Each structure stands twice: as C-alpha cells, then as structure tokens.
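This report goes through one protein chain part by part. Please look at the sequence and the model before reading on.

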Amino acid sequence: MEYDREGPQLPAPRGPVSEAVGARLRGTGPLPAPETVAVTPAYGDDLQLALYQCYELHYRGFAGVCPDLEWDPDLLGVRAALERRFLAALRADTPVHESVADAVGALLVEPVHGEGVSHFLRDEGELWQLREYAAQRSLYHLKEADPHAWVLPRLWGRSKAAMAAVEFDEYGGGRADRVHARLFAGLMTDLGLDTTYGAHLDAASAECLATVNMMSLFGLHRSLRGALVGHFAAVEITSSPGSRRLAEAMRRTGAGPAAEHFYDEHVEADAVHEQIVRHEVIDGLLEQEPQLAADVVFGIDATGHLEDRFGARLLTDWRAGRSSLRTPLPAAPPPRAGSAHIS
C-alpha cells in the first residue's frame, strides 16, 4: 500500500468523530459509529473538521495517508452521513429569497453603513487581525477556484463556457505567476505567515471550516450543481467591493505590496466576473434547466448565512480583544522601513 509523501499533516482531532476519521486515515482505528455522527452538532468543530478531512482526500490529501482512501466505501459512507447532517442544517437555517432575481438583487446592494469584516479591517483593523484573517482564509485561497472546478463537467452550453472562462482567470490565464492561489501565498509572505498548504488548519475556527466545506459539498454533488452556481455568484458579485476595502486595509497597515496586489487584482477581475456570472453562468444554466432556480437561490443565501456566521465569530473575538484562532500564530515580522505604524 502506497502512502502520500507530500501534503499537509493530519490535524489534531476536535472530538470523537474527527478523531475516528483521523484514525481511519492513519490506519489505526475504526470509523465513527452512525449514531455518534447523528448527534454531532452540524456547525461544530468536530463535525466540520471530520468533513474537511474527508473532502481533503479529493484535493491534495494528507502526508502519510493512502490515496486510495479517497474512494474507500466505508469512509464515503461516513462522509455521506456528515454531509446529510450539514446540508439539513443549512436548509433549515438559511433564510431564502423568493426568486433568483431577488437573491441576486440583494447581493448588488451595498449598505450605506457597512458593519462587516472588511469594513472593520479597513477602518480599524490591526496587523494581527489581518494576519488571523489571512491565515483562516488560506484554507480556501491556497486552493482558490478548485472547489468550483468540480461543477464544470456538470454544466454545458453557455453556462459551461462562461464558468470555464472565469475559472481560467482564477488560474492565472495560463500564467503560473498569476494563479490566484500563488498571489495569495505572496500576501501571506508579506504578513509573515507560513504559506505551506494546510499549515493553518489547526488554527481555523469551525465557522471558517464550514465556509470551505460548503464549496466542496456543492461541487462534489451533481444534484447540487445549481447551489454551486448560486454560491459562485455570491462570491463573485460581492468580491469586488469587499476586496477594495481589504486592499485599503493592507495599504493602511503597511502590510506589503503583494498583500495589496492580491486584493487589487480581485477588485478589477471580479468586477468583470460579476457580469459574466450573472448574465452567462446563471442565465445560461436556467435557460437549460429552469427547475434549478430554487437551488441557485439556496446556494446564494447559504453562502451569506455561513459568511455571516464566520464574520460574527471574527468580530466578536476581535472586539473583545482576543484571538479568533484556536492556536496562536508565530509573531509577526518587524514592520518594513517606511510602513505605517501598527499598534
């Protein structure tokens, strides 16, 4: 049996379910019992980490874990049970709009007095908070666009062509140095963070894990292709104004040129992507499969639901003067000469 030599280390368990999944991946123990999964909180650390471990087998895997476990029937059965619990919670807890037009229209409205994470970081965020934000977001951004690529074989016609065009931009338009995951690694370097894939998994909150798990959940199931398109629309439509605020936060704190560039790049690129996603990906999909409209709405609104939960966790911790991370980051490097003073 061959084992992956590369890849991130398996994370520390956060409860009996994630511990059992990790033990199965190491080959040292049985999988969790179905009754244990059935009572595990859907948004909690234990379930979200267990699900993240299952999904990561479809990306880069883990060092010391057999790659054949990606399609292990027993492990897939546990993953399905975890997914059912997570998806049921999302469907029960997400307030949904009446129509795709209403859901998209809500995304296009920027509140006059915004109170979200990007507003906080732009106006008063400190370097340690920017570092924490980047460390948690790295769980997605170091594989940026990969969860969305799963939907491409499940689309055709206008929606497929438009989705592929946006993904091509996310992957640097054919240039390795412009791949967005690599640009984010540059941002992390400016912030003095470890850029190793998966390095910050143990530090990330359950709220953060849920936002990444949702992408994989939607992307890996053909039945949820409409939800994935809705999720992608929510990301692209809201990215440009949020990225502008985060770029301003990087400039104000003197984070560094690569940190600024990552968000500046998204201000420009995602303003274009917004139009493509709205008028080609969504409209193209619904032209061919109008029955997926409710799923598109669910994908948009579930994204907002989980992002709101993650944002509330960050702001609650930061406004109380405490870290949002489960494990501390190494100390930040000293400020660059001429950079803004960080208190």
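How far is the sulfur of C66 from the closest cysteine sulfur? The distance is 15 Å, to the sulfur in C54, which is too far for a bond.

## Basis of the report

The model is predicted, so local features need pLDDT of at least 70 and side-chain atom pairs count only at pLDDT 80 or more, while totals for chains, interfaces and linings use all residues. Residues are numbered from 1 along each chain as its sequence is written, and side-chain values use heavy atoms, with hydrogens and water left out.

## Cysteines

A disulfide is a pair of cysteine sulfur atoms within 2.5 Å. The structure holds zero disulfides. C54 is in no disulfide, and its nearest cysteine sulfur belongs to C66, 15 Å away.

C54 is buried, at 3%. C66 is also buried, at 4%.

## Two domains

The chain is divided into domain 1 (16-92) and domain 2 (98-320). These bounds come from an automatic or database domain assignment. The C-alpha centres of domain 1 and domain 2 are 24 Å apart. Across the boundary, 19 residues of domain 1 are in contact with 25 residues of domain 2, contact being heavy atoms within 4.5 Å.

The size of an interface is often given as the accessible area lost when the parts come together. Here buried area is the accessible area (1.4 Å probe) that two parts lose on being put together, summed over both. Domain 1 and domain 2 bury about 2100 Å² between them, and 65% of this is on carbon and sulfur atoms. On the domain 1 side, Y43, Y52 and Y59 lose the most area to domain 2, together 33% of what that side buries.

## Helix 1

Helices are DSSP runs of H or I with at least four residues, numbered from the N terminus. Helix 1 covers residues 16-26, and S18 lies in it. The buried residues of helix 1 are V17, S18, A20, V21, G22, A23 and L25. They pack against helix 2 (34-38), helix 3 (45-56) and helix 4 (73-93). After helix 1 comes G27, with a positive phi near 80°.

What is the relative accessible area of S18? The value is 2%, so S18 counts as buried. Leaving aside residues up to four places away in sequence, S18 touches P13, D46, L49, A50 and Q53.

## Helix 12

Helix 12 (residues 225-253) has 29 residues. From its first C-alpha to its last, helix 12 reaches 40 Å, close to the expected 42 Å. The expected span is 1.5 Å times one less than the number of residues.

Where does helix 12 bend by about 50°? The bend is at S239, and a proline, P241, follows within four residues. A bend at a residue is the angle between axes fitted to the seven residues ending there and the seven starting there. Helix 12 is mostly covered, with 23 of its 29 residues buried. G254 follows helix 12 and has a positive phi, near 65°.

## A loop residue

Most residues other than glycine have a negative phi. A145 has a positive phi of about 85°, although it is not a glycine. A145 is in the loop between helix 7 (127-141) and helix 8 (146-149). With a relative accessible area of 1%, A145 is buried.

E207 is in helix 11 (residues 206-219). Is E207 buried or exposed? Its relative accessible area is 15%, so E207 is buried. Not counting residues up to four places away in sequence, E207 touches R309, F310 and R313. E207 and H119 are 88 residues apart in sequence, and their C-alpha atoms are 19 Å apart in space.

D102, in helix 5 (residues 100-107), is partly exposed, with a relative accessible area of 40%. T189 is in helix 10 (residues 180-190) and is exposed, at 52% relative accessible area. T189 and F168 are 21 residues apart in sequence and 24 Å apart in space, C-alpha to C-alpha.

Note on methods: Helices (H or I, at least four residues) and strands (E, at least two) are DSSP runs, numbered from the N terminus. Buried means under 20% relative accessible area, exposed over 50%, partly exposed in between (1.4 Å probe, protein chains only).
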